[in-house]
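Let me put the structure up and walk you through a few spots in it.

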Amino acid sequence: GQFNHAILAIPKENTYIFLDPTSEVMKYPYIPPSEQGKYSLVCKEEPELFKIPIFNPDKNSRKREIRAIIDEDGNLKAAVKIIPIGIFEASLRNSFRYLKPIERERNLLRELNSILPGTQLLFFEITGLDSLENQLIEKYEFFTVNYGIKIKNKIIFQPSLIDKLTDLSIVSLKERKYALRLGYNFKKEEVIEYKIPEKFEIETLPDSLKIEEEFGTFSLNIEKTDSGFKFYRLFQINKFDISPEIYPKFKEFYKKVSFYDKQPVILTLKEN
């Protein structure tokens, strides 16, 4: 399987810009993650082996901006805007480009219901899909029944909405003999403005926190607003491979992210 693919290496000063013209969804200046960190044989008068750079997390990022409303019964209505970059934009293009509009909506609805059971899709729009020159932007609105659990005079719900970490399968092993290859560095941001019912007040908010490790960062910032609260979540991985030596620490990091993603907000009915 060595040297089984051909891409372009464009000289620039003492290095190269690598482009993969075989990809129909990865636009300049990005290249597929499967090629990053690999040695390439640059064909010129004096051939040389050159290691293709690994992109930093900012080159593979997804920002999700959400306006969310919780009503008195714990139902949730949200408007979402997603700005994907790098592998996230390429993946979205690859998923949607050959689908009819109704099929795109069904795919999104299935994805949302896997995270938020009982969700109805109210609006969906994706722009920039027709050309790699355009920034792809996805927008949608949805309604989820009983997202907040209502118990007597309280509503309890998780503020970490869509990007929360629930799948810990990649850290299910107790230890590893070989490195865990994550595939690419990435950064995921979720910014949510929550509006709560006027008859309720905030009893409990999760604490803001930041966890920084050599392989990644996780942070939560939460602050009250006049109509509710604003929630900011950052999850970043900046290590292409997780060696067996640091795997236990990485496993603990993932478990902490999952734990803090479950922390609830508690609303209480105001006293008359």
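I'll take a helix, then a hairpin, then a single loop residue.

Quick caveats: this is a predicted model, where local features need pLDDT of at least 70, side-chain atom pairs count only at pLDDT 80 or more, and totals for chains, interfaces and linings use all residues. Numbering runs from 1 along each chain as its sequence is written, and side-chain values use heavy atoms, with hydrogens and water left out.

So, the helix. α2 covers residues 101-115; helices here are DSSP runs of H or I, at least four residues, strands are E runs of at least two, and both are numbered from the N terminus. Which residues of α2 are buried? R104, L108 and L112, where buried means under 20% relative accessible area, exposed over 50%, and partly exposed in between, with a 1.4 Å probe and protein chains only. They cover an arc of only 65° around the axis, so they sit on the same side of α2; that arc is taken from the directions from the helix axis to the C-beta atoms. R110 and S114, on the other side, are exposed.

Next, the hairpin. β1 (residues 8-12) and β2 (residues 15-19) pair antiparallel over 5 bridges; pairing takes at least two DSSP bridges. A9 faces F18 in β2. There are 2 residues between the strands, and E13 has a positive phi near 55°.

Last one: N60, in the loop between β4 (48-51) and β5 (61-70). N60 is buried, at 2% relative accessible area. Its side chain reaches the backbone nitrogen of I87 at 2.9 Å.

Methods. The expected span of a helix is 1.5 Å times one less than its number of residues. A polar contact is a pair of N or O atoms within 3.5 Å; within protein, one must be able to donate a hydrogen and the other to accept it, and residues adjacent in sequence count only if both atoms are side-chain atoms.
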